[in-house]
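Here are my notes on the model you sent. They are set out as numbered points, to be read beside the coordinates.

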Amino acid sequence: MSEPKKLAQYPSLQGKNVFITGGGTGIGAAIVTAFAEQGARVAFVDVAEAESRQLAESLSARTQAQIWWRTCDVRDIAALQLAATEAAAALGDFSVLVNNVARDDRHTLESVTPEYWDERMAVNQRPAFFAIQAVVPGMKRLGGGSVINLGSTGWQTKGSGYPCYAVAKSSVNGLTRGLADTLGADRIRINTVSPGWVMTERQIKMWLNAEGEADIQRNQCLPDKLQPSDVARMVLFLASDDGAMCTAQEFKVDAGWN
Ligand SMILES: NC(=O)c1ccc[n+]([C@@H]2O[C@H](COP(=O)([O-])OP(=O)(O)OC[C@H]3O[C@@H](n4cnc5c(N)ncnc54)[C@H](O)[C@@H]3O)[C@@H](O)[C@H]2O)c1
């Protein structure tokens with residue numbers, strides 16, 4: 001057993017406004033929670049209404065943080081951009097954007113139709129670009145900001161069973177590097193955080209079996225299972241002033257997966 005972790009508080013995150021996609025459950029919920037615990041004002045969107053409401057209510061009660069949330073399907077870009085605009089009207093311009101939403105549904109090479117391909121990209125690829133487009137004017141007004149895009153190590157370790165998801169996730173590094181110079185001129189930083197295999201409720205329910213347990217033991221350098229909060233810690237660092245000169249990079253939180 002390891003010692004309880006002693007984790008950082010970042011003064012620069014207090015009172016900062018943060019927008020997070022897919023914040024209702026999983027890693028997104030851990031990121032929402034982590035920012036609320038830092039004293040930030042958090043806005044998030046998700047399709048999971050009951051889970052989102054419960055998260056917002058419990059965090060407001062426990063942390064006194066101001067939480068804004070809305071049920072929003074990010075496949076609808078107009079609805080996503082409207083949510084970002086209305087959240088900024090309620091809280092103020094966003095210093096931080098976390099593009100977290102995704103769905104790693106399994107599919108085969110043979111089964112994918114053009115419609116299915118487009119739908120996968122509409123969830124896993126397109127929302128990040130258009131969320132950036134919506135929040136950047138506010139970041140410019142603030143004199144800077146931090147965009148954090150959730151990537152993945154799955155495609156990098158040749159994970160199979162989700163080729164469309166792999167294509168979308170591999171493009172996150174392109175989004176980060178392709179915008180870093182443009183945004184950097186306005187002191188807006190942009191980075192990718194790529195998780196390894198993180199034990200969200202969905203991952204445990206859908207995929208963690210005896211074979212998966214053995215994979216973790218064989219492939220990770222560290223013995224402990226990755227938790228959503230481990231990813232959130234890296235996101236906090238990159239959002240904070242402590243990460244002030246980091247941009248255009250990919251940061252992996254994967255316990256050293258081979
Ligand atoms: N869990 C892992 O092991 C893992 C590994 C590598 C990368 N990632 C990345 O981390 C991020 C978070 O992953 P996660 O495992 O927490 O995912 P998850 O599937 O558990 O949660 C994603 C959230 O997005 C929401 N969502 C799904 N479709 C939506 C839509 N159309 N509109 C709005 N909200 C929608 C879901 O309700 C959920 O709250 C993703 O970008 C994922 O690719 C996760």
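**Notes on the predicted model**

1. Leaving aside residues up to four places away in sequence, Val-74 touches Thr-21, Val-45, Leu-80, Val-101, Val-123 and Pro-127. The model is predicted, and that applies to every point below. Val-74 sits in the loop that runs between β3 (67–71) and α3 (77–91). Ala-90 is 16 residues from Val-74 in sequence, and the C-alpha to C-alpha separation of the pair is 20 Å.

2. On overall dimensions, the chain has 258 residues and a radius of gyration of 18 Å, which agrees with the value near 18 Å that a compact globule would have. Along the principal axes, the C-alpha atoms fill a box of roughly 50 × 50 × 40 Å. Of the residues, 42% count as buried. Among contacts with a separation of 6 or more, 76% are between residues 24 or more positions apart.

3. The secondary structure comprises nine helices and seven strands. The seven strands form an open sheet with parallel pairing, in the order β3-β2-β1-β4-β5-β6-β7. β3 and β7 (250–253) stand at the edges with a single partner strand each, so one side of each has no neighbour in the sheet. From one strand to the next, the twist averages 15 degrees.

4. Helix α1 (residues 26–37) touches β1 (17–21), β2 (41–46), β3, β4 (96–99) and β6, and its direction makes about 165 degrees with that of β2. Helix α3 also packs on the sheet, where it touches β1, β2 and β3; the angle between its direction and that of β2 is about 160 degrees.

5. Next, the ligand. Which residues are closest to the ligand? They are Gly-22, Gly-26, Ile-27, Ala-102 and Leu-150, out of 28 residues that surround it. The elements giving two or more residues to this shell are α1 and α7 (201–206). Of the elements, α1 gives the most, with three residues. By residue class, the shell divides into twelve nonpolar, ten polar and six charged.

6. Lys-158 has a positive phi of about 65 degrees although it is not a glycine. Lys-158 belongs to the loop between β5 (145–150) and α6 (163–184). This lysine counts as exposed because it has 7 C-beta neighbours inside 10 Å, where the cut-off is 12 or fewer.

7. The other case is Arg-187, again not a glycine, with a positive phi of about 55 degrees. Its place is the loop between α6 and β6. With 15 other C-beta atoms within 10 Å, Arg-187 is partly exposed.

Definitions and conventions
Residues are numbered from 1 along each chain as its sequence is written. This is a predicted model: local features need pLDDT of at least 70, side-chain atom pairs count only at pLDDT 80 or more; totals for chains, interfaces and linings use all residues. Helices (H or I, at least four residues) and strands (E, at least two) are DSSP runs, numbered from the N terminus. Two residues are in contact if their C-beta atoms, placed from the backbone, lie within 7 Å. The radius of gyration is taken over C-alpha atoms; the globule rule is 2.2 Å times the number of residues to the power 0.38. A residue is buried if 20 or more other C-beta atoms lie within 10 Å of its own, exposed if 12 or fewer, and partly exposed in between; C-beta atoms are placed from the backbone. Two strands pair if DSSP finds at least two bridges between them. Axes are lines fitted to C-alpha atoms, for helices over the stretch in contact, and angles run from 0 to 180 degrees between N-to-C directions. A residue is near a molecule or strand if its C-beta atom, placed from the backbone, lies within 6 Å of it. Ala, Val, Leu, Ile, Met, Phe, Trp, Tyr, Cys and Pro count as nonpolar, Asp, Glu, Lys and Arg as charged, and the others, Gly among them, as polar.
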